[in-house]
Amino acid sequence: MGWVLVQDRVNVGFVCLVMMVWGVSGIGVNWGTQSTHPLPPDTIVRLLRENGFQRVKLFDAEYDTLRALGRTGIEVMVGIPNDMLATVGGSMKAAEKWVAKNVTQHINSNNVNIRYVAVGNEPFLETYNGSYLGITFPALRNIQAALVKAGHNNQVKVTVPLNADVYSSTSGLPSDGDFRANIHDYMLKIVNFLSVSASPFTVNIYPFISLYSDPNFPVEYAFFDGNASPINDGGTLYTNMFDANLDTLAHALQRNGFADLPIIVGEIGWPTDGDRNGNIEYARRFNQGFMSHISGGRGTPMRPGPIDAYLFSLIDEDAKSIAPGNFERHWGIFTYDGQPKYPLNLGTTNSGALVPARGVQYLQRKWCVMKPSAKLDDPSVAPSVNYACSLADCTSLGYGTSCGNLDSRGNISYAFNSYFQQNNQLDEACKFPNVSMITKTDPTPIGGTCKFNIMIQPYYGSAERRFGYAQKPSGLIAILVLILLLVL
């Protein structure tokens with residue numbers, strides 16, 4: 001019965017969700033920007049609008065992103081990263097300054113439709129070992145006070161996106177739901193504050209993580225087809241994890257006197273790569289099943305009615321931490337260059353299909369691969385591959401992944417090309433000693449799921465500076481380091 005709640009995940013990315021036309025209170029999408037080559041914000045905003053997204057959830061308040069959302073009418077949730085909680089929680093002046101810069105300025109000058117401020121992102125994850133326990137509530141309180149002082153409190157509400165591990169059920173049944181014992185008092189302070197300030201409770205729910213974490217998790221219970229053996233909770237039948245998980249939270253709120261507190265699903269989705277269960281088929285099945293499940297507005301047994309939700313996520317992010325798993329870089333319903341991964345009807349477009357990004361600018365059609373003359377037992381191969389993968393993205397390699405069927409030479413070429421593309425195809429980025437070469441012949445295998453990508457033109461906005469990517473890739477310096485590593 002523990003299948004209701006098994007999930008634990010370090011989320012380091014941005015997320016957004018959109019509203020739907022189907023009588024759903026709101027379907028939104030998470031927009032994360034942890035990419036080496038992010039699409040320009042204007043391109044992303046056009047992608048949002050052409051796909052009918054009316055709500056977007058961000059993980060910070062980056063200026064160019066918010067500027068691009070101005071005058072679009074899209075409802076925005078801006079975020080305060082966890083590493084800023086101590087600052088805004090420890091100083092009312094700092095909180096007021098943050099609100100003035102990241103809320104007031106954009107509402108007044110750019111006409112951005114900011115509706116929520118997300119104070120932190122899953123700050124009570126068990127994997128954080130209590131790092132943010134003492135600072136989350138002060139940050140929430142100060143930001144709310146700053147919003148009131150600035151005159152935004154009727155339009156902009158505070159919330160704290162939390163992982164579903166903040167509540168649990170001793171029996172595994174939703175009706176026994178309560179907040180985790182070691183954070184129970186913290187949770188009640190936050191929940192009471194949200195209730196008094198007419199703000200929602202935001203929770204992130206990931207059936208995929210349950211499947212990833214527990215080999216005995218019943219696969220069908222993650223989906224919405226009704227094929228799973230139901231859980232019987234006093235006569236209420238649950239045939240999918242989402243309903244059971246959300247109702248466990250609803251029971252926890254009710255048990256503590258907050259039965260009517262609004263709930264937002266801040267993140268929900270399924271990755272397409274990086275794990276044997278992270279694949280196109282499952283992602284399409286889950287996301288389409290979720291959209292259909294909530295389209296009638298019936299909600300869950302404990303929370304009937306429309307559900308506010310933000311899909312995770314809009315686009316893949318190749319610079320996200322893979323500490324939780326290689327799948328972390330593959331949550332997008334769109335690829336890194338804004339192309340739909342699979343058929344998905346959000347109910348927001350006339351065609352019933354996702355609309356790709358327009359005007360995407362790519363680098364030249366060339367790739368870095370292993371030389372045909374190079375030998376697999378060349379002593380420079382292993383350190384070269386390790387170096388490339390440590391700095392680029394090899395998460396599509398491995399058992400059950402999209403490129404899991406490549407042979408040894410294919411794996412090596414994939415690693416080289418990933419590094420080459422991330423370094424803007426600099427010649428120096430394909431000078432792995434004696435074993436690499438640049439080719440204009442696409443090495444992508446015919447008829448498979450693996451693709452050797454060509455990177456898009458770099459966008460030199462402030463998002464890049466935030467993540468530390470230089471405006472001119474330091475490929476030559478990196479290659480010199482590689483050579484040193486190989487000769488040591």
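Hi everyone, let me begin with a term: a nonpolar core is a set of buried Ala, Val, Leu, Ile, Met, Phe, Trp, Tyr and Cys residues joined through side-chain atoms within 4.5 Å. Buried means under 20% relative accessible area, using a 1.4 Å probe and protein chains only.

A quick note on the model: it is predicted, so local features need pLDDT of at least 70 and side-chain atom pairs count only at pLDDT 80 or more, while totals for chains, interfaces and linings use all residues. Residues are numbered from 1 along each chain as its sequence is written, and side-chain values use heavy atoms, leaving out hydrogens and water.

Now, the cores. The largest nonpolar core holds 135 residues, and Leu 48 is one of those with the most contacts inside it. Beyond its neighbours within four places in sequence, Leu 48 is in contact (heavy atoms within 4.5 Å) with residues including Val 29, Trp 31 and Leu 314. Another core, of five residues, lies apart from the largest one, and Met 77 and Tyr 310 are among its members.

On to the rings. There are 28 aromatic pairs in the structure, where rings of Phe, Tyr and Trp (its six-membered ring) pair if their centres lie within 6.5 Å; planes under 30 degrees apart are stacked, over 60 edge-to-face, and the rest tilted. One of them is Phe 208 with Phe 327, edge-to-face at 4.9 Å centre to centre and 70° between the planes. Both Phe 208 and Phe 327 are buried. Trp 270 and Tyr 282 also pair edge-to-face, with 6.1 Å between centres and 85° between planes. Why does Trp 270 count as buried? Because its relative accessible area is 0%.

Terms used: Buried < 20%, exposed > 50% of the residue type's maximum accessible area, 1.4 Å probe, protein only.
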